[in-house]
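Reader: I am new to this structure. Could you walk me through the terms used for it?

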Amino acid sequence: MTQSITSLLVANRGEIAVRIFRTARALGLDTVAVHSDPDADALHVAAADAAVRLPGAAPADTYLRGDLIIKAALAAGAEAVHPGYGFLSENAGFAREVQAAGLTWIGPPPEAIEAMASKTRAKELMRAAGVPLLEPVDPAAATAADLPLLLKAAAGGGGRGMRVVRDLDALKEALEGAVAEARSAFGDGEVFAEPYVERARHVEVQILADAHGTVWALGTRDCSLQRRHQKVIEEAPAPGLPQALRESLHSAAVAAARAVSYRGAGTVEFLVTADGRPCFLEMNTRLQVEHPVTEAVFGLDLVALQLRVAEGAALPPSPPEPHGHAVEARLYAEDPARDWRPQAGVLHTLDIPGTVRVDTGFTGGDSVGIHYDPMLAKVVAHAPTRAEAVRILAHALAGARIHGLTTNRELLVRSLRHPEFTAGQLDTGFYERHLATLTGGAPDATLAALAAALADAAPAPDAPLAARLGGWRNLRSQPQTRRYTAAGGATTEAAEATEATEYTVQYHPVDHPGVRVLAAAPDLVTLEVDGIRRLFHVKHNSNTSEVYVDSVLGAHTLVPVPRFADPQDRTEPGSLLAPMPGTVIRVAEGLAPGSPVTAGQPLLWLEAMKMEHRILAPASGTLTALHAATGQQVEFGALLAVVQEEPHA
């Protein structure tokens, strides 16, 4: 029996909601979004025909409130509910409540969700179905021969409630921590233990099943590059697997689906040991984050197929043939160099060029909040070969403009270009071995600083001709210096040379002469560096002083050091520095090294911008150095004198 769905509510947010709405629109469905208060202006809300507020901010008050979501669907006239992934997507009780409300559930039967909800019960079912798996270990009876062990939450995923134990003395504490985390995250403290397989691969099979007995195994995906047991880079098909192993994985995945009378899209996950032995991990009874790589290789829209299966349609007897290779990278607002610390704030720019697919729930100017996953986007490349797909994806990410937040973009680019990855030598210990190398050594900011200075000095295109011809300097006789603080706290300087098209970059502690400026505009600077033409895209943040400079040489966030900032902030107490460029017009009578001074006593007078400025003694003590003389021209920050404070009694 088939039924036609005409309107759909997505019980989710962010990129997956946007992605589902895209297919729904293509199929002619009316769409309904739900949103928390922080998401009121989010992209997924704008992508829907209607939206319903879920009052509050935290997931527990909003996207995890099944009762409010069902109420929203009924009020908005939706006929079906798609849960996306995460939140309530694998909640059998929610699925039943959706169906009880007379709505169509875009997912597997609640009984199948329930059967696979507990990893321990799922393993029992898979053992009965003949699916290979790792044998569990009783933590209370574990010995040194069982090490290393992996503790896992029975009711959850996403790396929560997981601990690796390599020392029996640490087992008790690790078990208590895993139980507490599992109870907090999933409301269920059940934890089990199994052997931790070193240097294993994480390989999964996408399945799709209808209500008429057809089950498709849509190839394999490799998801071995993970941080905190969460995937970072995924690809399809999994590279380097022998044909016999592929067929074994496909057969095991189909057997797992049939064991629970599965319907819809799902994923069966396996560990593949170093000697090529597959072991069942779990079955995700929902759409996966990494489903786009399978869509690309098979030329399918899995969301459209989910909807058709939910309407009762039958799948063809076999899926289409796969073509080419696809790789996906998850772009996160996080700092891999600082324990993958998530970032929150305003995402000023998100621009990823090229022929890649970008699934995102953000646009420039959006805020990334603290309540939800920090993933900004999924970037997917598809090509005839793996090498081409990897190259295309790395190039697109390297050329992306992402402003306002620290991200893992550089890590992704370096990972995709790492010799082990390009050779297809994949395993779950990749980041454990290589993280320090992949996150070290920020690109040199010298040229970025020069580009920022030139862009700042360049007049707007509609400025008068005289300004456009002479806008790169204030004084033709002297180079102009601008100072910037780069990410990480280093200070860079970019100085303009005296000739109109010849510039020298001054970067402490190294100078880089001989850079030729071909063009400079407020948003784009073209430099010739060692005979090579380079483009530098420059963007000034109107709300902060940050300057973003992007080129193929790297991305930099620079903060200008104010020309007339208080230089005392950067010196030892007692040093008197010129607060601005000017002329010393007077020195206190009789002032010389060794002279006693009192706090607040005028020592020097500067003239700048037709105003006189007094330089006062910062404390009572002795003048130990005097570097200024009447009539002397001084630059901003020049050391004028030093006062040694008298010791306190």
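**Terms and values**

Author: The chain's secondary structure comes to 16 helices and 38 strands; helices (H or I, at least four residues) and strands (E, at least two) are DSSP runs, numbered from the N terminus. This is a predicted model, where local features need pLDDT of at least 70 and side-chain atom pairs count only at pLDDT 80 or more, while totals for chains, interfaces and linings use all residues. Residues are numbered from 1 along each chain as its sequence is written, and side-chain values use heavy atoms, with hydrogens and water left out.

Reader: What makes Cys223 count as buried?

Author: Buried means under 20% relative accessible area, exposed over 50%, and partly exposed in between (1.4 Å probe, protein chains only). Cys223 has 0% relative accessibility, so it counts as buried. Cys279, with a relative accessible area of 1%, is buried because of that value. Of the 649 residues in the chain, 50% are buried.

Reader: How many disulfides does the structure hold?

Author: The structure holds 0; a disulfide is a pair of cysteine sulfur atoms within 2.5 Å.

Reader: Why are helix 3 and helix 4 called roughly parallel?

Author: Helix 3 (residues 66-76) and helix 4 (residues 92-100) pack at about 25°, with their axes 10 Å apart. Axes are lines fitted to C-alpha atoms, for helices over the stretch in contact, and angles run from 0 to 180 degrees between N-to-C directions. Angles under 35 degrees count as roughly parallel, over 145 as roughly antiparallel, 65 to 115 as roughly perpendicular and the rest as oblique. Helix 3 and helix 4 are therefore roughly parallel to each other. Gly66, Ile69 and Ile70 of helix 3 make the contact with Phe94, Glu97 and Val98 of helix 4, where contact means heavy atoms within 4.5 Å.

Reader: And what is the arrangement of helix 1 and helix 10?

Author: The axes of helix 1 (residues 14-26) and helix 10 (residues 302-310) come within 9 Å and cross at roughly 65°. That makes helix 1 roughly perpendicular to helix 10. Arg19, Ile20 and Thr23 in helix 1 meet Leu302, Val303, Ala304 and Leu307 in helix 10.
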